[in-house]
Amino acid sequence: MKTVLRLLVVLLLAILAFGGGYWYASRRPQLAPRPTGVTTKPSVVVYVPRFVDTRTEWEAKPVPVGEGEDPLRVALEHLLITRDTPFPQGTRLLGVNVTEGVAEVNFSRELIDNFPGGSTTEAWIVESLRKTLAQFSDVERARILVEGKPIDTIGEHIDLSQPVAVR
Amino acid sequence: MPRAWRILAWAFWLGVVGGRILAQTAEPAPPLPTLQALRWEESVLYIVASGKVTFHTFTLREPLRVVVDISPCSLPSEPIQPEGDTPTAVERLRWAQFKEGVVRVVLDLRSDTQYALSTDPSGEQAMLALGSAPDPQGEPPRLVAPPAKPAAPPAELIQMEWESNEEEARLRLRLSRKVAVRLQPHREGYQTILELPQVKPSAALPADWNVKHPLIEEVQFSGDEKGVRSALLIRTTRAASLRVEYDKQQPVITLAINRPRNAHGKLSEKHIVIDPGHGGKSLGAVGREKDSVVYEKDINLAIARRVRQLLLKEKATVTMTREDDSHVELYARPQLANDLGADFFISIHCDSTPKPNSASGTTTYFHASDPDGRALAQAIQKHLAAVTGLPNRGARSDTAIYQSGFAVLRRSNMPAVLIEVAYINHDVDRAKLKDPKFQQKVAEAIVAGLRAYVEGEREAQTAQQRREVEVRPASDRREEDIPVQMPEQL
């Protein structure tokens, strides 16, 4: 009687083990193992220039955007600090506002105070801003502000008295 | 008891194996997403799949490759045609069914290139952004795939004929449909390229289309049968104004070549406004050395004063936008030239880049596609490049570096140029800029360029008299005969 009881217990446990094993096997995904090292977050792109011979080449750098972050702000803030940025050292983004297609981008004083000179540098600053803004479909033109006031030029080469078209 | 454990272990193993087999047989596998498109937008490769997939990237060396594995994924039944222009950094783009459920995309790279992969939230598209690639002034990449546009077949160039008179040479190009063309100055001398993208020569193109004209030294046609990079190289005997006119009704383009504005008479009759860039509180670029600094404003003024001296010797009329180290508003400079009704506006600057020693050389800018400005820039750059001993960066449109160009050029009514003599943040360039002998040579070259624009190129004219313009049908010419460089090589 005791043997029969023991056998029953073992059988019961075996059935449970079978079920457990079945459950374990079927819950595993049938797909190839998930690869690693991939950014799956939505991204924005910032553009930085350099010369190759006498031509300017633009490098597109993707930047991940975190949960709840404003992609436009993320792009502009990253543009100011990314390696090879043409923006003067210490320039900060004070704010950005898009109204009726015009992005008013407000920078700190350093944009002008620390501007190192050169028409190439000035053109690169404006072009990198323009290219970076062009990915946002609600932005058609851009106006550069310093400490809240519109400026006519950064370094006395480029005319910024009118909003510039971004594409 | 060990027997009981064994039974339990067997039961578990049977469960795992049976479970797997059952799970695989119970539900037939859904069709795998397929690779739908590969598209280049500047230096970004968009990889588009028909469903949610995962992208995995890594590099392989010798030869250098970037690999993107896409899974679960299969190739579609229709072959894929990659869209857009492959950037120069990439030698080849390949793709294949690497193994069951995995499509592999491989980029053969020419050199070490940084890259980053990011995936669209839908999981159906990935962006592989490569570090540095050419910018053909195209649309920047978007995060959302645009609808694919079917590429139009290239237009055929059916006829080329000259309609010339003493003053003007006009080349009429008849095409099978309307296309947009572009004029680009060549880096060397009085050479301009008329780019004919999307144009291929027709079999009916006449062989005897070339011309003899005092303004023209030679015109060469480089026809591309595939209709990707056809071009005309126009070599003129002097600084000439080249203009493209589009016929409103017919697919006809006329290239008009004539003497530019204010290019008659003598240099002594002309009024030239010289604009030494920056001044006063506006230092311009700063060249830093161990124990001293060099201000762009001072170099600009030193060269400008020498130019004035030389022009006064020529009996020309000269006005300076500033005589000393004073600050002049940016917009007041071209305004002064406009108010005086001056013949020329010459702005003198030194360039700088964000990184020291990253660029060197001489550039002369003209505004947008102004034909007279282009001619003046070509004349001055030709003479300047011959004396600076620095890389010749060419006569360039100011819109090549920034879409709306330079304020002083855009706002002046007369032929105007902005000269970037050299890079003040480059050690070699700066050493020259500080040297009074170099400043004098630069000033002489600017005046020589101005004189060549007004009075013509003396040497070139005699060369023209010696040399007959060669008339050869395009079909007779071998590939290596044609020195036309396309803009990306300029």
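Visitor: Over which residues of chain B does pLDDT stay under 50, with 55 contacts in the model beyond four places in sequence?
Guide: Keep in mind that this is a predicted model. Chain B as a whole has a mean pLDDT of 84, with 87% of its residues at 70 or more. One stretch with pLDDT below 50 is 132-149, which has 49 contacts beyond near neighbours in sequence. The stretch with 55 such contacts beyond four places in sequence is residues 460-490.

Visitor: How is the aromatic pair of B:Tyr365 and B:Phe406 arranged?
Guide: Across all chains there are five aromatic pairs. For B:Tyr365 and B:Phe406, the centres are 5.2 Å apart and the planes make 85 degrees. Planes over 60 degrees apart count as edge-to-face, so this pair is edge-to-face.

Visitor: How many residues apart in sequence are the parts that this pair ties together?
Guide: Both B:Tyr365 and B:Phe406 are buried. B:Tyr365 belongs to strand β24 (residues 362-366), while B:Phe406 is in the loop between β25 (392-397) and α5 (407-410). The pair therefore links parts of chain B whose separation in sequence is 41 residues.

Visitor: Which ring does B:Lys297 lie over?
Guide: In chain A, the charged end of A:Lys131 sits over the ring of A:Tyr47, 6.0 Å from its centre. In chain B, B:Lys297 is 5.9 Å from a ring centre, and the ring is that of B:Tyr295.

Note on methods. Residues are numbered from 1 along each chain as its sequence is written. Chains are lettered from A and ligands numbered from 1 in the order in which they are written. This is a predicted model: local features need pLDDT of at least 70, side-chain atom pairs count only at pLDDT 80 or more; totals for chains, interfaces and linings use all residues. Side-chain values use heavy atoms; hydrogens and water are left out. pLDDT is the predictor's confidence in each residue, from 0 to 100. Contact means heavy atoms within 4.5 Å. Rings of Phe, Tyr and Trp (its six-membered ring) pair if their centres lie within 6.5 Å; planes under 30 degrees apart count as stacked, over 60 as edge-to-face and the rest as tilted. Helices (H or I, at least four residues) and strands (E, at least two) are DSSP runs, numbered from the N terminus. Buried means under 20% relative accessible area, exposed over 50%, partly exposed in between (1.4 Å probe, protein chains only). A charge sits over a ring if NZ of Lys or CZ of Arg is within 6 Å of the ring centre and within 35 degrees of the ring normal.
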